[in-house]
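Hello,

Here is the structure I promised to send over. Have a look at it first, and then read on for my notes.

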Amino acid sequence: MKVPAIISSAVVGAALLLTSLLLVPGAQAHHSNSAFYVTKVITIKGVVKEFKWTNPHVWVILTVDDGKGNKVDWKAEGRPPGILARAGWTPKILQPGDVVTIDLSPAKDDSASGLIARVTKADGTILANAPPPTE
Amino acid sequence: MNIDKIIFSMILGGVGLCAQTTPPDFSGVYYPLNPFGRFAGGPRAGAPSQSQSQTQGPPPRPTASAPLSDGSRGRTPDEPSLTPEYMAKWEMISKTRIAGSPEYDLTAKCLPPGMPAMMSMAYGMEVMQSKDKITFFSELNDALRRVYLDGRKPSQKVLDDPTYAGYSTGHWEGDTLVVDTVALRDNTFIEGFTPHSDAMTVHERIRLKEPGLLEDIITVTDPKALTKPWETVKNYRKAKPGSGTDELREFACAEGLGEAK
């Protein structure tokens, strides 16, 4: 059966969109800070969907209400486990379901992702993105 | 005092000098001073500082997540002075970074940062020392360099086979370890993303400036890329045993490469 051209285009378009989303460099790629506007910080609040304690970056997948009735999964990238452990983080410090606020630098590619500046837990605990400076 | 006694005293003095020049022990885990600049875990990163805890107020919202490292503010006078050819390379790489590309970021590809950039040791350094060899380990990307102290020199085979860490030989001058590094790949950076040529060599003078504070005076020479040798000084504080920071953690960078696909 011949697929109507208009549907075909829509399918191809959706496939391209999906592909582009999967290939978004800001999304869970390992990259340098240059992927982010590091001197800008925005604040998002949501529910932890997943916390990945992995090298070379940890990831917080945060489900955020976009204010329009939609839920958006933000991908917040943090420094490596080694350095965050010295800043007080642990592999289980964030659990799915936790409500947290994340200050992060947005990705240059406009994807729903960013580089963590700090995470604030519901009880007010602040998780810094690096240990105190060595003096 | 007769001449025999004078000579005997000089010999004893010489023995004393020899005893004093027993090489110091650099072994231990170290952290560079202020590796992340002003954003390091301090107020800008959200961690309460001493002054804030005294004032009781909530820590201010951070205004940055990391130091700007895309070259968009140009170069500063204390950075290596590049020849026009290598300045053009730097500008080209800067454009890719401003655009958000990791194309020229070695560590983003889990490759070693290479010498001398690796001596930034932003995530910590472990020094392992024996009589004939001293090894510097970087937590960032599990990078390693060995400095041979047994008098060997780089062979032609070594010189023909450049590596990220290069080939380092050293000797003691009193309490100072003097190290020369050659056979370096030309795709690494001097620091940040400052490029260099295959003619780069690195000279270091490393000493314990005071107990627990290691100083590395690094001089980079590159007749093709630099208009003059470039000197930088790194300082590292030794972690105290039992402080919880005297052990580095495995980095296993490739764990994240799958995420990039």
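How many residues of chain A are in contact with chain B, and how many of chain B with chain A? The contact involves 42 residues of chain A and 40 residues of chain B. On the chain A side, the elements that give two or more residues are α2 (81–86), β4 (99–106), β5 (113–121) and β6 (126–128). Of these, α2(A) provides the largest share, with five residues. By residue type, the side of chain A that touches chain B divides into 22 nonpolar, 14 polar and six charged residues. Please keep in mind throughout that this is a predicted model.

Confidence in chain A

Chain A has a mean pLDDT of 83, and 77% of its residues are at 70 or more. Among the elements of this chain, β4(A) has the highest mean pLDDT, 98, while helix α1 (residues 5–23) has the lowest, 41. Across residues 1–30 of chain A the pLDDT stays below 50, and this stretch has 27 contacts in the model beyond near neighbours in sequence.

Chain A has two helices and six strands, and along the sequence they follow the pattern α-β-β-β-α-β-β-β. Of its 135 residues, 42% are buried. If you take the contacts in chain A with a separation of 6 or more, residues 24 or more positions apart account for 56% of them.

Chain B, for its part, has four helices and nine strands. Its pattern, read along the sequence, is α-β-α-α-β-β-β-α-β-β-β-β-β. Here 35% of the 261 residues are buried. Among the contacts in chain B between residues at least 6 apart in sequence, 54% join residues at least 24 apart.

The nonpolar core

Which residues have the most contacts inside the largest nonpolar core? They are A:Val60, A:Ala76 and A:Ile102, in a core of 76 residues.

Helix α3 of chain B is worth a look of its own. It covers residues 84–98, and at 1.5 Å a residue its 15 residues should span 21 Å; the C-alpha atoms at its ends are 21 Å apart, which agrees. Its buried residues are B:Tyr86, B:Trp90, B:Ile93, B:Ser94 and B:Arg97. These cover an arc of only 110° around the axis, so they sit on the same side of α3(B). On the face turned away from the buried side, α3(B) carries the exposed residues B:Pro84, B:Glu85, B:Ala88 and B:Met92. Just after this helix, B:Gly100 takes a positive phi of about 90°.

Backbone details to check

- In chain A, a cis peptide bond joins A:Asn55 and A:Pro56, with omega about -5°. A:Pro56 is in the loop between β1 (42–52) and β2 (58–65) of chain A.
- In chain B, B:Met115 and B:Pro116 are joined by a cis peptide bond with omega about 0°. B:Pro116 lies in the loop between α3 and β2 (125–129) of chain B.
- B:Cys110 is not a glycine, yet has a positive phi of about 65°. B:Cys110 is in the loop between α3 and β2 of chain B.
- B:Asn141, also a residue other than glycine, has a positive phi near 60°. B:Asn141 is found in the loop between β3 (133–138) and β4 (143–148) of chain B.

Are B:Cys110 and B:Asn141 buried or partly exposed? B:Cys110 has 19 C-beta neighbours inside 10 Å and therefore counts as partly exposed. B:Asn141 is buried, because 24 other C-beta atoms lie within 10 Å.

Best wishes

Definitions and conventions:
Residues numbered from 1 in each chain as written. Chains lettered and ligands numbered in written order. Predicted model: local features only at pLDDT ≥ 70, side-chain atom pairs only at ≥ 80, totals over all residues. Buried ≥ 20, exposed ≤ 12 C-beta atoms within 10 Å, placed from the backbone. Contact = placed C-beta atoms within 7 Å. Nonpolar A, V, L, I, M, F, W, Y, C, P; charged D, E, K, R; others polar. Expected span 1.5 Å × (residues − 1). Arc of directions from axis to C-beta. Core = buried A, V, L, I, M, F, W, Y, C linked by C-beta atoms within 7 Å. pLDDT = per-residue confidence, 0-100.
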